[in-house]
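This report describes how one chain meets two of its neighbours. The sequence and the structure come first, and the contacts follow.

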There are 4 protein chains.
Amino acid sequence: MPPQSPHAAAGNAVLLLSCPDRRGLVSRLSLFIFERGGNIIDLDEHVDPVEGRFFIRILWSLEEFSIPEEELEEEFRPLAEELGAAWALRFTGRKSRVAVFVSRYDHCLQELLWRHGIGEFQIEIPLIVSNHPDLQPLADHCGIPFHVIPVSSENRMAVEKQTTALLEAHDVDWVVLARYMQVLSPAFVERWRGRVINIHHSFLPAFVGGNPYRQAYERGVKIIGATSHFITEELDQGPIIEQDTVRVTHRDSLADLIRRGRDLERLVLARAVRLHSEHRILLNGTKTVVFD
Amino acid sequence: MPPQSPHAAAGNAVLLLSCPDRRGLVSRLSLFIFERGGNIIDLDEHVDPVEGRFFIRILWSLEEFSIPEEELEEEFRPLAEELGAAWALRFTGRKSRVAVFVSRYDHCLQELLWRHGIGEFQIEIPLIVSNHPDLQPLADHCGIPFHVIPVSSENRMAVEKQTTALLEAHDVDWVVLARYMQVLSPAFVERWRGRVINIHHSFLPAFVGGNPYRQAYERGVKIIGATSHFITEELDQGPIIEQDTVRVTHRDSLADLIRRGRDLERLVLARAVRLHSEHRILLNGTKTVVFD
Amino acid sequence: MPPQSPHAAAGNAVLLLSCPDRRGLVSRLSLFIFERGGNIIDLDEHVDPVEGRFFIRILWSLEEFSIPEEELEEEFRPLAEELGAAWALRFTGRKSRVAVFVSRYDHCLQELLWRHGIGEFQIEIPLIVSNHPDLQPLADHCGIPFHVIPVSSENRMAVEKQTTALLEAHDVDWVVLARYMQVLSPAFVERWRGRVINIHHSFLPAFVGGNPYRQAYERGVKIIGATSHFITEELDQGPIIEQDTVRVTHRDSLADLIRRGRDLERLVLARAVRLHSEHRILLNGTKTVVFD
Amino acid sequence: MPPQSPHAAAGNAVLLLSCPDRRGLVSRLSLFIFERGGNIIDLDEHVDPVEGRFFIRILWSLEEFSIPEEELEEEFRPLAEELGAAWALRFTGRKSRVAVFVSRYDHCLQELLWRHGIGEFQIEIPLIVSNHPDLQPLADHCGIPFHVIPVSSENRMAVEKQTTALLEAHDVDWVVLARYMQVLSPAFVERWRGRVINIHHSFLPAFVGGNPYRQAYERGVKIIGATSHFITEELDQGPIIEQDTVRVTHRDSLADLIRRGRDLERLVLARAVRLHSEHRILLNGTKTVVFD
C-alpha cells in the first residue's frame, strides 16, 4: 500500500507566514506549536536576503493539539502581531472552495475536472462561470453548476457585480481562470488580490498580451512556454507561480505551437492549482515563494 | 569501434539552398547529384507554408563524384539561377575558419576551446579578439593568437576597422561572440550578416538588453534561459539558432541565477557553433531553419 | 488563420520504406514520384551506418498525380522489389482504424479520447476492449462501443480468439494498449507484430515487469520515466517509440511517483499514437526510426 | 551587487541529522540553537513515512553564538544521543578536502577544475590520483599535485594501500571518481562509505556495468542519462545523488551518444560535488535525502 499523503489526512494545520527577518523565528514558531502538543510534519522556510524578509510554511498534526481549530487564530494572533507578520492558517480537513472561469477552450477545464475527479486536488468546485455556453456539457458531465454570463464592452461592470455575487453566494475562496478570455476590472482584481490564478500561454515576460503563439511563431523561438500567475492590475504582470517550456523547431507551424502549447498550459495550470490548494504559495511583493 | 560520423570524413559536399517552393525540387536536386555520381548520405528539407519557401540541405559523398570541388559551384549555378535560389556549397574536408570575440567572462571561451580541443567542432580558430587582456592565459594555453583591442566610445570605429583587417588577414569565415560585451556597428553587422553568432544570457525575447539575470530575478520567473542568435542591427533581435532553459526557485539568489545561467550559455553557444560548423543552419527572413 | 497542417488535408500519400543502402536511392524514389506528377511535401531519410540500411519517409500531394490510389501499390512494386525493400503506402485521406485496450486506469484512455475528440489524431476508434467494466461510462460519453472481455488464467486463449475476431470484424489496423494489464500470447503478438503500441510506466530498460513505480521508489532514483513501445514476445523488450522523464525528489512518496508518472504515461502514449497515425515510424530490427 | 550567498560567508554551522521520528524534533533542535545565540538561516527537514525516520539540515550563523566551534560537538552530543541520531556538524569556514580520481577521459576533471577555479565549490583539492599519466598537464595547469599509480590485476591491493596512505597524508575528507575506470575493493569502499562519489554514464538502474552507451545504442532508447551516486560494494548500486537525461534520436550514432552523454556526465557530477561540498546530502539506507 502506498504511504498516505499528509494532505489526504484530515486533522493537519498549515501556517503560512511572512515577516521582517529577525533572530529566532523558526525556534519561536516551532515552539508555539510544540508547547500546544502539535507535531510538526513538514516545515519549509526561506529568507529573502535582498528584502530582509522571512517566509515559512509549517504543517503539523492536530492530533493531541490542545487548541481547537476555531480558537487557533485567536491564540496565534499575539505572536503574529509581535512579529509584524502577514499570515494565514489553513486546515487540511477543510477543502478550499474554488470557482473556475472559462470561455471556449476546453483543455484546461478538462484537465482540472479530470484531476479533481480522481482526487488530486483538495478542493471543492461549487461552480463554473463562462461567457460562452460551449463548455456546459463538460460541466454537466461532472455535475458542476455552470453559469453562462455573456460579456460585452457595455455590460462589463454589471457582469462583474453579478459574478461577485455568485462567488459570495457560493462562499468561494479563490478563482481559477482556465483560459478565460476576458480582462477583469481593477476593482475585481483588487478585491480578489492573491486569489485569482491565471494561465498565460507564453513564457512570461515574453509575449504578453494577445496571440502569444503567433508572436512566438513570428519571432522564430526554439522553445515555447506557459505561465501560471496571480492576476494583478497590469496585464500578464502578476506574481508568477509556475512555468514550463517545450522545444519547437522550424517544422512547427502556428497550429503545431498551439497544439504543443495546450499541453503546457493544462499541466502548468494544474500544478499551480495543486500548489495553491495545498497552501504552498506565499506572495513576496511581485514575486512568489513556492514551498513545493 | 563506434561508427564513423559522416562529418569526420573528408570528401563530402554540403548543399544549403532555399528558393520559392515549386513542384519537383527534391527530385531535380537529388538527380543533379545522382547523375554526377554522388551518393546522398543525408537529405533534409522543409517548406515554409506561410512564406511558400523551400529549404534543403543535402550531404553527399564526393567519392566517385565526377565534378571536382573547385568546379562544382560553376556546374551548379545554372540550376540555382533557374530556381531563383539562395545557396552555398561547403566541403567537409575544408574546416571553417572561426574567430572568437571575448571580454572578461571565461566560461564560454573555455567551453569552446575544450570542445575544439577534443575535436567536436570541424573548425579552425586562427585568432581570439578581446577588448580586455584577462583571458590571454587561456588562449596561450591552447596556442591560439590573442589580440587585445581595447574599446572606448571614442575609438569604436577605429577598432572595428582594425578588427575587420584582422579577420580578413586571417581569412575568417565567421565569428563567435562568446560573451563579448560590446555592441557592433551597423556597418560591421551588415558586412558580416549571417556570419556572427552571439550568446545572449536570457530566453529571448524576454529580457533584452543589459543585466538579463537581474531582470529575471526581479520579475520572479521560475525558469531562466539562454539564446544563441545571429547578430543584426537591432540588439538581441537577430534570427534565433538555439535556446535552452532551466528551472529556478525562490531560493535562487541573483548569484545563483548567474551560476546556473553560465551552464546554459556555454552549452547553448556550443550547440550553435557545432550546428553552424556542420552547415546545418539556413536563414528564413528573421528566423532560422536548423537541420539537426 | 493558422497554416493548414499537411495531414489535415486529404489527398496526400506517404511512402515508408527501408532497404539495404546503395547509391542513388533518394534520387530514384523522388524521381518515381516526380515523373508521375507528385509534388513532394516532406521527405526525411536516414542511413543506419552500422546495419548498412536505408530508411525513408516521403509525403507527397496526390493532386495532379497520375496514378490512382488503388493502383499505386502495383505501380511501385517493381521498384520496391528491385531494392529489396520493406515498404508501406498510406493515404492521409484514409484514417487508420485503431482499437484501444484498457483495464481499470482511466488516465491514458481519457487522454486519447480527449485528443481524438479535438481532432489531434487522424484515426478512427471503432471499439474499446477491456477486461473490466470500469471505464464503460467514459466510452459511452464518447459514443464508442465498449467490449468487456474478462480474462483469467483459464480463458486466456479463448479471450484472444474472441478479441481477434472483434478486431477483424471492425477492420482494425492497429491496437493501443492504454494501461491494459494483461500479457498477450506469443501467437497474438506474432499476428499483430509492429501493430500493437504499449505504454510502460518506467524509463525502459529500467524497471521492467510489475510495479515499476515501487521499484523506482525503492531504488531512490531522482528521475522517473515512461516508455511507449511496440509489443514483442519478450515483456517490455519491444522497439521503443517514445520516452520521457521527470525529476522527483526524496519528498515524493510512492503515491507522488504514481501521480507524476500518470502525466508522463498519457503524454508519451499520446505522442506515440500521433506519430504512428501520421505514419512516421519504421522498424529497424529491435529499434525504431521515428521521422518527427 | 548580487546578494551574498550564505555559503560564501565564513562563520556558519551546518547540522546534518537523522533519527527515528518523534514529536517535537524541529522544536527541540531549533531551540538548542536559539538558546545558544544562533540565528537559523536555512532549515530543511523531511520525514520518511515508510521508514519512520526524520532528516534535518540546519544552517545557522555563528555570529553571537555562545559555543566555540571546537566545543560544539561535545555540547550537542547529549541531545543527539537522546534522539538516537546519526549526525554531523560542519562549518562553512572550513573547506572540505577532496581528492579526485581519474583515468584517461578529461571532461569531468576539466569541469570540476574550471568550477573550482571560479569558486563554485567550497572545497580544496589537495591531490589528483590517476592510473594513467594522460591528464598530468591539466593538473599541472591548475597547480594541483598529480599522482600516477598504475593499476593491474596483480597490484590492486598494494595500490589501494598506497592510495589510502596518500589520502590520509593529505587529510582528505572525501573522494570524487571523475570517470575513474577501476573497481575499488570492498575494504576500500567500507572504509570510505558515504565519502566516495562516482559518476556513471547511464540513467541507473538502466545499463549497469561496462559500455553503457553501447548498451543504450543497441537497445534503441530515445533518452540517455547520467547518474552520480555514492560507491558501495555492489557495482552501480549505491545511493543515487543526482541524475539527468537528454533526448536522442535514431540519427544519433554511438559516437553521438558518447558526445551528448559527456555533457550530462560533467554537469551531473559537478552538481553532486556542489551538493556534497555544501553539506546537503544525507543517507537514508540505500537512498539519499538531498536538501537542495
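Glu64(D) and Arg23(A) form a salt bridge in this predicted model, with their closest N and O atoms 4.0 Å apart; a salt bridge here is a side-chain nitrogen of Lys or Arg within 4 Å of a carboxyl oxygen of Asp or Glu. On the side of chain A that touches chain D, the elements giving two or more residues are α1 (25-35) and β2 (39-48) of chain A, and β2(A) provides the largest share, 8 residues. Helices (H or I, at least four residues) and strands (E, at least two) are DSSP runs, numbered from the N terminus. Sorted by class, this side of chain A has 10 nonpolar, 6 polar and 7 charged residues, where Ala, Val, Leu, Ile, Met, Phe, Trp, Tyr, Cys and Pro count as nonpolar, Asp, Glu, Lys and Arg as charged, and the others, Gly among them, as polar.

| Interface | Salt bridges |
|---|---|
| chain A and chain D | 2 salt bridges |
| chain A and chain B | 6 salt bridges |

In the contact with chain B, Arg251(A) forms a salt bridge with Asp44(B), the closest N and O atoms lying 2.4 Å apart. The elements β2, α7 (212-219), β11 (240-247) and β13 (287-290) of chain A each supply at least two residues of the side that touches chain B, and the largest share, 7 residues, comes from β11(A). That side of chain A has 14 nonpolar, 9 polar and 13 charged residues.

Between chain A and chain B, about 3,100 Å² is buried, with carbon and sulfur atoms giving 49% of it; buried area is the accessible area (1.4 Å probe) that two parts lose on being put together, summed over both. Arg219(A), Lys222(A) and His250(A) supply 23% of the area that chain A buries against chain B, more than any other three residues. For chain A and chain D, the area buried between them is about 1,900 Å², 52% of it on carbon and sulfur atoms.

Residues are numbered from 1 along each chain as its sequence is written, while chains are lettered from A and ligands numbered from 1 in the order in which they are written. Because the model is predicted, local features need pLDDT of at least 70 and side-chain atom pairs count only at pLDDT 80 or more, whereas totals for chains, interfaces and linings use all residues, and side-chain values use heavy atoms, with hydrogens and water left out.
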